[in-house]
Amino acid sequence: MAALCSLVALVKLYPLWLAYDTSLVTITGTRDDDSPGARFDAVLLRHLDHFAYLRSFDHVLAAGPRTLRLTAPLWLDRCEVRQGDFYKFAGWAPFEPQAAARAAAPGQPPNWRHFSESRDHTISGRLDAPATGITWWDAAAYCRAAGGRLPTASEWVAATAGEQPRLYPSGDVMESDAWPYLDPLLNAAQKCGLHPSTDTPQGLSDMAHGVSEWAVGDLADGPAVMGGNGYNAPRELYSLAALHRRAPMDHRSPYLGFRCAYDHEPMPTPWRTQTGARQLPPGIYQVGIPARARVPSLLSALPRQQVPLIGRILSTDASTGAQPTLHLMTREVTRRQYARFLRDPFVLAGFHAEANQPASHSHRPPDWREQMQEPDLPVVNVDWWSAYAFASWAGGRLPTALEWERAASGQGARIYPWGDDFTAANPVTGEQALRGPQLPSEESGDQTPEGLLNMGGNVSEWTRSVSGASGSFAIVVKGGNYLLPGPTTARIDHRNHLSPHYRSPTLGFRVAFDRPR
């Protein structure tokens with residue numbers, strides 16, 4: 001008996017004797033592959049396990065989408081400042097005390113001596129390598145003395161990502177050519193411009209590879225550390241243009257350098273260095289998290305111990321996007337169907353539960369006795385955990401929000417499930433002033449040409465798409481219901497965001513199948 005139970009635990013048993021009335025719908029383009037937000041999410045999902053402990057980017061994730069308006073051209077050094085040029089500056093400063101004092105960085109300690117801690121480093125002989133082992137004060141003072149300043153974090157992102165935001169300096173794919181050595185110190189000591197495939201379209205080199213760069217933080221007080229380097233991994237994550245970290249002003253690292261920004265076309269420095277700057281044209285730049293990215297807001301709202309939940313749900317979103325068709329239940333799950341689910345001993349044993357389902361959770365609605373007086377109505381008062389478990393038990397899954405919308409809209413051709421005119425149907429919405437859900441009826445007009453009923457009204461429906469739009473971890477809910485105003489909530493583009501623990505007499509669900517059931 002114990003062996004049988006162990007075998008059952010390894011296999012999900014579905015109620016094969018049940019058949020569901022489904023409609024075949026074409027689901028094309030369920031993945032918004034061309035969206036910067038979707039591409040950004042994909043990178044985070046590939047490295048989601050790092051966010052169980054990685055908190056360096058939290059302030060950027062929480063800030064969300066942001067823009068920078070440049071009203072005048074901005075120049076940035078084509079290359080990171082070199083070790084040899086920094087040594088020239090450090091040697092110039094003692095002989096020009098008044099000029100050096102005017103260039104002193106804010107907060108710089110009195111009688112500060114500019115030096116590079118990398119002088120005795122392995123790369124000390126490489127004067128054409130990026131200047132490293134210097135503090136934020138050193139970098140800021142160098143740029144001020146050179147007639148410029150350190151760029152702000154937003155300016156640095158604008159230069160790296162461009163007006164049509166890229167994930168990385170050269171595009172949306174991480175170029176690995178810039179790390180040819182196993183030793184990260186050798187990668188950090190490479191001469192500027194050795195890997196032109198990683199340059200920005202404006203010709204800025206090494207923005208996300210050899211060493212990270214100092215900048216002026218504009219999300220909070222203090223310096224910002226921009227871009228990837230030869231040491232921090234995963235490089236695909238650390239090199240994302242939109243992400244940056246914080247560091248104290250006196251921090252030194254062999255993997256941290258800088259480049260200067262100029263509000264006017266730069267001149268040679270007092271220590272006779274040519275800047276080779278490149279111009280960033282005026283415009284509006286997206287410098288924060290891409291607008292349609294979902295993972296960042298979830299990471300901001302969800303406790304870190306629940307991070308795997310994001311991966312499980314959103315990875316399914318991505319994998320199901322390749323499906324050209326979908327079999328979606330014609331009607332919402334009924335109470336009669338749900339009763340069979342409640343009686344299954346494997347359900348009671350938790351074989352179909354989502355891994356993060358709360359302990360001692362009950363799938364039984366609090367008003368179950370009253371609901372079963374009308375067993376053919378849609379089941380309501382079920383939370384997301386129960387809807388998820390029923391879909392798994394039935395051999396299917398909850399549809400994603402985008403799948404639900406595409407099924408209801410006919411690939412975006414309709415405003416409402418039945419057409420573009422709300423008055424062309426009589427859906428079960430708040431306008432009818434009913435006290436509860438109704439039996440599905442084709443006479444109501446709330447029907448898609450593919451045969452899906454009550455997608456505009458009756459009860460709202462759980463999906464499997466997660467959202468942080470409400471400021472906390474939430475699930476996307478689709479469709480109107482018998483209490484809500486129909487002209488707004490029956491629209492295909494209307495979304496609600498509810499806690500997965502939420503139960504309501506207006507909330508049910510339907511199941512999607514990737515093959516006939």
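Helix 7 (residues 153-161) is largely enclosed by the rest of the structure, because nine of its nine residues are buried. The buried set includes Glu155, Trp156 and Val157. Ser154 and Thr160 belong to it too, as do Ala153, Ala158, Ala159 and Ala161. Glycine 162 follows the helix, and its phi is positive, near 80°.

This is a predicted model, so confidence comes next. The average pLDDT of the protein is 88, and 90% of the residues score at least 70. Among the elements, strand 15 (residues 507-508) has the highest mean pLDDT, 98. Helix 1 (residues 2-10) has the lowest, 45. Over residues 29-33 the pLDDT stays under 50, and the model gives this stretch 14 contacts beyond four places in sequence. Residues 318-322 also have a pLDDT below 50; that stretch has seven contacts beyond near neighbours in sequence.

Now take helix 4 (residues 83-92). Eight of its 10 residues are buried, so the helix is mostly covered; the cut-off for buried is under 20% relative accessible area. Gln83, Gly84, Asp85, Phe86 and Tyr87 are buried, and so are Phe89, Ala90 and Trp92. What do these buried residues pack against? Their partners are helix 5 (97-102) and helix 6 (136-145).

The pairing with helix 6 can be described in detail. Two packed helices are described by the angle between their axes and the distance between the axes. Here the axes of helix 4 and helix 6 come within 11 Å and cross at roughly 80°. Helix 4 is therefore roughly perpendicular to helix 6. Helix 4 contributes Asp85, Phe86, Phe89 and Trp92 to the contact. Helix 6 contributes Asp138, Ala141, Tyr142 and Ala145. By type, the contact residues of the two helices divide into six nonpolar, no polar and two charged. An α-helix has 3.6 residues a turn, so residues three or four places apart point the same way.

Next, the nonpolar cores. The largest has 58 residues, and Phe390 and Phe509 have the most contacts inside it. Helix 15 (residues 384-393) supplies the largest share of this core, eight residues. Apart from it lies another core, of 32 residues, including Trp75, Tyr87, Ala100 and Ile134.

What does phenylalanine 509 touch, leaving aside neighbours within four places in sequence? Its contacts include Phe390, Ala387 and Leu398. Val333, Val379 and Val382 are also in contact with phenylalanine 509, along with Tyr338 and Trp462. Glu332, Ser460 and Glu461 complete the list for phenylalanine 509.

Histidine 209 sits in the loop between helix 8 (184-188) and strand 4 (212-216). Is histidine 209 buried or exposed? Histidine 209 has a relative accessible area of 2%, so it is buried. Not counting residues up to four places away in sequence, histidine 209 touches Met174, Glu175, Ala178 and Trp179, as well as Thr198, Gly228, Asn229 and Gly230.

Glutamate 354 lies in the loop between helix 13 (345-348) and helix 14 (368-371). Its relative accessible area is 4%, so glutamate 354 is buried. Glutamate 354 and tyrosine 388 are 34 residues apart in sequence. In space, C-alpha to C-alpha, glutamate 354 and tyrosine 388 are 7.0 Å apart.

Terms used
Residues numbered from 1 in each chain as written. Predicted model: local features only at pLDDT ≥ 70, side-chain atom pairs only at ≥ 80, totals over all residues. Heavy atoms only, no water. Buried < 20%, exposed > 50% of the residue type's maximum accessible area, 1.4 Å probe, protein only. Helix = DSSP H or I, 4+ residues; strand = E, 2+ residues; numbered from the N terminus. Contact = heavy atoms within 4.5 Å. Core = buried A, V, L, I, M, F, W, Y, C linked by side-chain atoms within 4.5 Å. pLDDT = per-residue confidence, 0-100. Axes fitted to C-alpha atoms, helices over the stretch in contact; angles between N-to-C directions. Parallel < 35°, antiparallel > 145°, perpendicular 65-115°, else oblique. Nonpolar A, V, L, I, M, F, W, Y, C, P; charged D, E, K, R; others polar.
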